[in-house]
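I opened this structure today and kept short notes. The entries follow the order in which I looked things up.

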Amino acid sequence: MRFIELPKAKEKIPILGQGTWGIKRFKNRSYYEQWKSSLKKGIELGMTHIDTAEFYGQGKAEKIISDIIREYDRDDLFITSKLFPNHLRYKSMKKAANKSLKRLGIKNFDLYLIHWPSPFESIKKQMKVLEDLVNEGKTRYIGVSNFSVEQFKKAQNNLKEEILVNNQLHINLSKQKHIHSSLPYYQKEGVIVTAYSPLGHRGFTNLGNVLKEQLEGIAKKHNATIQQIAIAWLINHSNVITIPKAFQLKHVEANAKAADIVLSKEELSLLYNSDIN
Ligand code: NAP
C-alpha cells in the first residue's frame with residue numbers, strides 16, 4: 001500500500017481506503033457478516049482507512065464498523081465519519097458527533113467532516129463545532145465534503161487554530177470537474193482530496209463507449225481490470241486518495257492491487273476530458 005502525508009502532520013494515511021455507503025438497515029445476519037469479512041479483508045490488504053457517516057444506513061454503517069474496530073489495534077485504523085447538515089444548532093451538531101462516536105465505539109474520530117455545505121447553519125458555527133471537537137480530543141483532524149474552493153476557503157477562515165486537512169469530493173473518470181478546476185488549489189495548499197464514488201457508484205458497468213475503449217486498452221497493458229485502472233487514475237494524482245466501496249471479496253482484493261499501478265503521463269492524459277462534469 002502507498003501512503004500520503006496529512007498536511008502539517010507527521011502522519012501518513014493509505015491512498016486507498018474503504019467506503020461504506022452501501023451498508024443497509026434491516027438485512028439478515030449473513031449480509032452483515034459478509035460486510036464485516038470484506039472490510040476486514042480490506043484492512044488486511046492495507047486499506048486501513050474506513051470512511052463512514054451518520055447518514056449511511058441511518059447509523060447502521062457505523063455500528064457494523066464498530067464490530068470490526070474491536071478486533072484491531074485502534075491505532076492501526078484511520079476512521080473518518082461525517083456530520084449530516086440537518087442538525088441546525090451547535091448543541092445538536094455536538095450531540096450528533098457524540099452519537100456517531102458511541103455507535104462506532106471509539107473515543108475519537110481520526111477525521112471528522114461536514115458532509116455537505118449547509119444553507120441553514122452558519123459556517124462559523126459549524127467550524128466552531130469542529131474546532132471544539134478537536135480541543136476535546138474527539139477528533140484528531142477535521143475537514144469538509146462537497147465544498148467548493150470558495151466554501152472551503154470561507155470555512156478555513158472561520159477556524160481559529162485548526163486547519164482543514166481534507167475535502168471529500170465526487171471525482172471519477174466520468175466526473176472530472178474537480179480534477180481540472182479545484183485540485184490544483186488543494187495541491188498548492190497541501191490539502192488531501194478524497195475522491196468519492198471512484199467507480200461511479202455502480203462499479204462503472206455502464207461507461208460510454210469511448211471511455212470504455214480507452215480504459216480497456218490501458219487495462220490490457222497493465223494486466224488489470226478497467227475498474228483497477230479507474231482507481232489508479234485517481235491516486236496517480238498527487239494529494240488524491242480514494243475510498244472504493246466493495247461488498248464482494250473479489251472486488252476488495254482487486255481494489256487493493258490498484259494501489260500498485262503506476263500510469264504514465266500519456267495514459268493519464270488519454271483519460272482526461274475536461275468537458276466531463
Ligand atoms: P463506488 O466505490 O464508486 O462503486 C461501488 C460499486 O463498485 C459497487 O457496486 C461495487 O460492487 C463495485 N466495485 C467495487 N470494486 C470493484 C471492482 N474492483 N471491480 C468491479 N466492481 C467493483 O461507490 P460509492 O459507494 O458511491 O463510493 C465509495 C464511497 O465514497 C462510499 O461508500 C462512501 O463511503 C463515499 N461517498 C461519499 C459521499 C459524500 O457525499 N461525501 C457520497 C458518496 C459516496 P460490490 O459492492 O458488489 O462489491
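**Entry 1: overall form**

I checked the protein chain against the rule for a compact globule: with 277 residues the radius of gyration would be near 19 Å, and the chain has 18 Å, which agrees. The radius is taken over C-alpha atoms, and the rule is 2.2 Å times the number of residues to the power 0.38. I note that this is a predicted model, in which local features need pLDDT of at least 70 and side-chain atom pairs count only at pLDDT 80 or more, while totals for chains, interfaces and linings use all residues. Residues are numbered from 1 along each chain as its sequence is written, and side-chain values use heavy atoms, with hydrogens and water left out.

The C-alpha trace spans about 55 × 45 × 35 Å along its principal axes. I found 11 helices and 10 strands in the protein chain; these are DSSP runs (helices H or I, at least four residues; strands E, at least two), numbered from the N terminus. Buried residues make up 53% of the 277 residues, where buried means under 20% relative accessible area, exposed over 50%, and partly exposed in between (1.4 Å probe, protein chains only). Of the contacts with a separation of 6 or more, 77% are between residues 24 or more positions apart; contact means heavy atoms within 4.5 Å.

**Entry 2: helix α2**

I looked up α2, residues 60-69, and found 7 of its 10 residues buried. They are Ala61, Glu62, Ile64, Ile65, Ser66, Ile68 and Ile69. These buried residues pack against α1 (29-44), β4 (49-51), β5 (78-83) and α3.

**Entry 3: α3 and α4**

The axes of α3 (residues 90-104) and α4 (residues 123-135) come within 10 Å and cross at roughly 40 degrees. Axes are lines fitted to C-alpha atoms, for helices over the stretch in contact, and angles run from 0 to 180 degrees between N-to-C directions. The two helices are therefore oblique to each other: angles under 35 degrees count as roughly parallel, over 145 as roughly antiparallel, 65 to 115 as roughly perpendicular and the rest as oblique.

Tyr90, Met93, Lys94 and Ala97 in α3 meet Lys125, Gln126, Lys128, Val129, Asp132 and Leu133 in α4.

I then followed methionine 93, which is found in α3. Its relative accessibility is 2%, so methionine 93 counts as buried. Apart from neighbours within four places in sequence, methionine 93 is in contact with Leu83, His87, Leu88, Glu121, Lys125, Gln126 and Val129. From methionine 93 to aspartate 110 I noted 17 residues in sequence and 18 Å in space, C-alpha to C-alpha.

**Entry 4: α9 and α10**

The axes of α9 (residues 226-235) and α10 (residues 249-258) come within 9 Å and cross at roughly 40 degrees. That makes α9 oblique to α10. Gln228, Ile231, Ala232 and Ile235 in α9 meet Ala254, Asn255, Lys257 and Ala258 in α10.

Which residues other than glycine have a positive phi here? Serine 197 has a phi of about 50 degrees, and phenylalanine 204 has one near 50 degrees. Most residues other than glycine have a negative phi. Serine 197 is found in the loop between β9 (192-196) and α8 (209-221), and phenylalanine 204 lies in the loop between β9 and α8. Serine 197 counts as buried at 13% relative accessibility, and phenylalanine 204 is buried with a relative accessible area of 5%.
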